[in-house]
Structures are given as structure tokens and as C-alpha cells.
Amino acid sequence: KNFVFDRRVGVSSAEYGKQEAEKGRPDVAVPEEVVGQCAYCDAGHDSYDPADVCAVCREPVLVCPSCRREEVHCQQHWEWREYYFTRLAGFSRPELQQQAEGLESLLAQVAVGKKFKGRRGTLRRQLNRVLRRLQELTDGEALEAAAEGCRTCGVVGCRGDCWGFFGRRRPVPAPSPAPRAK
């Protein structure tokens, strides 16, 4: 498969072969084969889904249907998968405390060095979000929060297909004005 930067996401060689065969070139036909694997179970899988993007950096992640979950993490942020979550409303106080401790531990691992400046900032922001949520729970806010919207567009029920090359709401460019006669 070839990754393409539009809503198709990927185009397989077999699809290309079918298109060429329809044009009268049957010699180009290519058999379909799975070329990727699920990030969680290593099963053969090569179809990206708009909802399967890293919770940290939004990189598309290959996740098979049986491993699909609320939030996924790319290979670069794999070690953060137990502590870094976009949606914090459903977590209990002990779970949030565990996340805060884990984030502090991850932050200590990258405490020094120019190379880790971006990671430190990301981890600090997340730690602050978790601590704010813990404070909200301490101040008496109910554990159950209203349904949270998409982290990109804010719409409740959006599967995440509003961002990047999935952008449903991307404005259509206006046609160029006709040249003026001189």
C-alpha cells in the first residue's frame, strides 16, 4: 500500500492494478497483500482509521479492529501509554494520582538535556492537566462529566475525522476570478 495525503489514506497496489486493467493494461495487475501490522498485537493490518491517532502527537497508528481502544499511542510515545490520556473525566482519584506519579517519573527521565526540551514541555503540560483534574475532584466536582467532544473540533460524537487530511470541514478553495479584459 502507498500512503496518500487525502481521505483515501492508503491506496493498494491491487487497486492500482485494477485501474490499469480497466484502461486496457492487464499486465499491471498486482495481488493484494497486507503490508503493515497492528501496533498492539502485531497482527497483519494496513488500514489507517481517522480515530486511531496517537494521544500525544496525533500520528496515525495502525490498530486492528480487535485492538481498537479509546486512545492509542505511537511507537515514539509507547512508554507513555499508561499515564498520558487526552480525556481525563472518566478517571477516579486513585487512577489520576497514579497517572501523576507516572508522569513525574517520565519527567525525571528527561530532566536534563536540550534534546528532551519538547518532551519535558509535553509531560509538564499533561502533569498540570492531571493535577488540575485532581483538584477539581477534591473541590467536589462530580466524577462523571458531560460527554467530551473531539479534541480537534470539540464536536461530541466526532470520530476524529475532522483533522489533517481527514478534514471534513476543510474550506473548499474559491475559484480564481476570471482575468479582466484590458
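Glu-136 and Arg-133 are three residues apart in helix α3, which means that about one helical turn separates them. Their side chains meet in a salt bridge, with an N to O distance of 3.1 Å. The model discussed here is predicted.

**Overall chain**

- The chain contains three helices and two strands, and their order along the sequence is β-β-α-α-α.
- The chain has 182 residues, of which 36% count as buried.
- Among contacts with a separation of 6 or more, 43% are between residues 24 or more positions apart.

**Salt bridges**

- Side chains of opposite charge can pair when their charged atoms come close.
- Four salt bridges are found in a search of the whole structure; those described here include the pair in helix α3.
- In that pair, Glu-136 is partly exposed, with a relative accessible area of 33%.
- Another salt bridge joins the side chains of Arg-68 and Asp-52, at 2.8 Å from N to O.
- Both Arg-68 and Asp-52 lie in the loop between α1 and α2, so this pair ties together parts that are 16 residues apart in sequence.
- Arg-68 is partly exposed, since its relative accessible area is 34%, whereas Asp-52 is buried, with a relative accessible area of 1%.
- Glu-82 forms a salt bridge with Arg-81, and the closest N and O atoms of this pair are 4.0 Å apart.
- Glu-82 counts as exposed because its relative accessibility is 52%, and the value that counts as exposed is over 50%.
- Arg-81, at 31% relative accessibility, counts as partly exposed.

**Asp-52 in the loop between α1 and α2**

- Asp-52 is found in the loop between α1 and α2, and with 1% relative accessibility this residue counts as buried.
- The contact between the side chains of Asp-52 and Arg-68, at 2.8 Å, is also a polar contact.
- Leaving out residues up to four places away in sequence, Asp-52 touches Glu-59, Pro-60, Val-61, Val-63, Arg-68 and Val-72.

**His-73 in the loop between α1 and α2**

- His-73 is found in the loop between α1, residues 13-22, and α2, residues 93-109.
- His-73 counts as buried because its relative accessibility is 1%.
- The His-73 side chain reaches the backbone oxygen of Tyr-84 at 2.9 Å.
- Not counting residues up to four places away in sequence, the residues that His-73 touches are Tyr-40, Cys-54, Ala-55, Val-56, Val-61, Trp-78, Trp-80, Arg-81 and Tyr-84.
- Val-61 is among the residues touched by His-73, and Val-61 is also among those touched by Asp-52.
- Arg-81, one of the residues that His-73 touches, is the salt-bridge partner of Glu-82.

**Nonpolar core**

- The largest nonpolar core has 27 residues, and Leu-96, Leu-123 and Val-130 are those with the most contacts inside it.
- Helices α2 and α3 each supply at least two residues of this core, α3 being residues 117-138.
- Val-130 touches Leu-88, Leu-96, Gln-99, Ala-100 and Leu-103, not counting residues up to four places away in sequence.

**Val-110 in the loop between α2 and α3**

- Val-110 is found in the loop between α2 and α3.
- With 9% relative accessibility, Val-110 counts as buried.
- Val-110 touches Phe-116, Arg-120 and Leu-123, again not counting residues up to four places away in sequence.
- Val-110 and Leu-123 are 13 residues apart in sequence, and their C-alpha atoms are 9.6 Å apart in space.
- Leu-123, touched by Val-110, is one of the residues with the most contacts inside the largest nonpolar core.

Key: Residues are numbered from 1 along each chain as its sequence is written. This is a predicted model: local features need pLDDT of at least 70, side-chain atom pairs count only at pLDDT 80 or more; totals for chains, interfaces and linings use all residues. Side-chain values use heavy atoms; hydrogens and water are left out. Helices (H or I, at least four residues) and strands (E, at least two) are DSSP runs, numbered from the N terminus. Buried means under 20% relative accessible area, exposed over 50%, partly exposed in between (1.4 Å probe, protein chains only). A polar contact is a pair of N or O atoms within 3.5 Å; within protein, one must be able to donate a hydrogen and the other to accept it, and residues adjacent in sequence count only if both atoms are side-chain atoms. Contact means heavy atoms within 4.5 Å. A nonpolar core is a set of buried Ala, Val, Leu, Ile, Met, Phe, Trp, Tyr and Cys residues joined through side-chain atoms within 4.5 Å.
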